[in-house]
Amino acid sequence: MQVAIVSDTICPWCYIGKRRFERARAGRPAGLAVEWRPFQLNPDMPADGVDRQRYMVAKFGSEERVAEIFGAIEEAGEPEGIQFVFDRIARTPNTMNSHRLIEFAGQRGAQDAVVEALFRRYFEQGEDIGDCAVLEAAGVDGGLDEDEVRRFLSGTEGAEQVRSESEAASRMGISGVPCFIFEGKYAVSGAQPPDVFERVFELAAAARADTAADSPPPAA
């Protein structure tokens, strides 16, 4: 079964959604292929990012409203084993290079591990994932070769692909993330509870079985 997860590396609900999805997929048979696809919530973000607190206040209207939002996210993260440290995140980064790194990791079978490392470093350690040194460290955390990652990040390879995929997601009607697409047919939007993912797993599996049953037998 194929599952594409459209997400952004600075989206806390994407981190929570990853954990809930993982709980739903636990114990399922082998053969589940997960692919992480890019979506930039802030495609026009300056290359070196912006001051996070000022950005969040401008976006949500007041420090009180920001604190309220962060509190709700922290509460949602606790049952998933996520300890958000929003007070330690100094900058909101441009996520282009983090998405490039994820694409690079996908070529080496390490996509999920690198996504996990990026989320952990940003949300639980307060590190700037727009910084190349932090990205290199996340790549190594995910099992990639440090020198290969450094060489890759020093260039622009993959940037056009990230832009193209992010724009394609928008054209599909995706305006927020995470979005989980099962078998290219069934979409789950948001960090839904595990039981929602479980129902969609069953729906997609049943549809896959029906398709296989309706297929003509191979020629002798």
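Where is the place of Glu183? In this predicted model, Glu183 sits in the loop between strand E5 and strand E6 (186–189).

**Backbone features in loops**
- Glu183 has a phi near 55°, a positive value in a residue other than glycine.
- The relative accessible area of Glu183 is 23%, so the residue is partly exposed.
- Val177 and Pro178 are joined by a cis peptide bond, with omega at about 10°.
- Pro178 belongs to the loop between helix H8 (159–171) and strand E5 (179–182).
- Most peptide bonds are trans, and most residues other than glycine have a negative phi.

**Helix H7**
- Val149, Phe152 and Leu153 are buried in helix H7, which spans residues 146–153.
- These residues lie on the same side of H7, because they cover an arc of only 90° around the axis.
- Residues three or four places apart in an α-helix point the same way, because there are 3.6 residues a turn.
- Helix H4 (96–106) and helix H6 (132–141) are what the buried residues of H7 pack against.

**Helices H4 and H5**
- H4 packs with helix H5 (residues 111–124) at an angle of about 155°, and their axes are 8 Å apart.
- H4 is therefore roughly antiparallel to H5.
- H4 contributes Ser98, Leu101, Ile102, Glu103, Ala105 and Gly106 to the contact, and H5 contributes Gln111, Val114, Val115 and Leu118.
- Of the residues in this contact of H4 with H5, 6 are nonpolar, 3 polar and 1 charged.

How values were computed:
Residues are numbered from 1 along each chain as its sequence is written. This is a predicted model: local features need pLDDT of at least 70, side-chain atom pairs count only at pLDDT 80 or more; totals for chains, interfaces and linings use all residues. Side-chain values use heavy atoms; hydrogens and water are left out. Buried means under 20% relative accessible area, exposed over 50%, partly exposed in between (1.4 Å probe, protein chains only). Helices (H or I, at least four residues) and strands (E, at least two) are DSSP runs, numbered from the N terminus. The arc is that of the directions from the helix axis to the C-beta atoms. Contact means heavy atoms within 4.5 Å. Axes are lines fitted to C-alpha atoms, for helices over the stretch in contact, and angles run from 0 to 180 degrees between N-to-C directions. Angles under 35 degrees count as roughly parallel, over 145 as roughly antiparallel, 65 to 115 as roughly perpendicular and the rest as oblique. Ala, Val, Leu, Ile, Met, Phe, Trp, Tyr, Cys and Pro count as nonpolar, Asp, Glu, Lys and Arg as charged, and the others, Gly among them, as polar.
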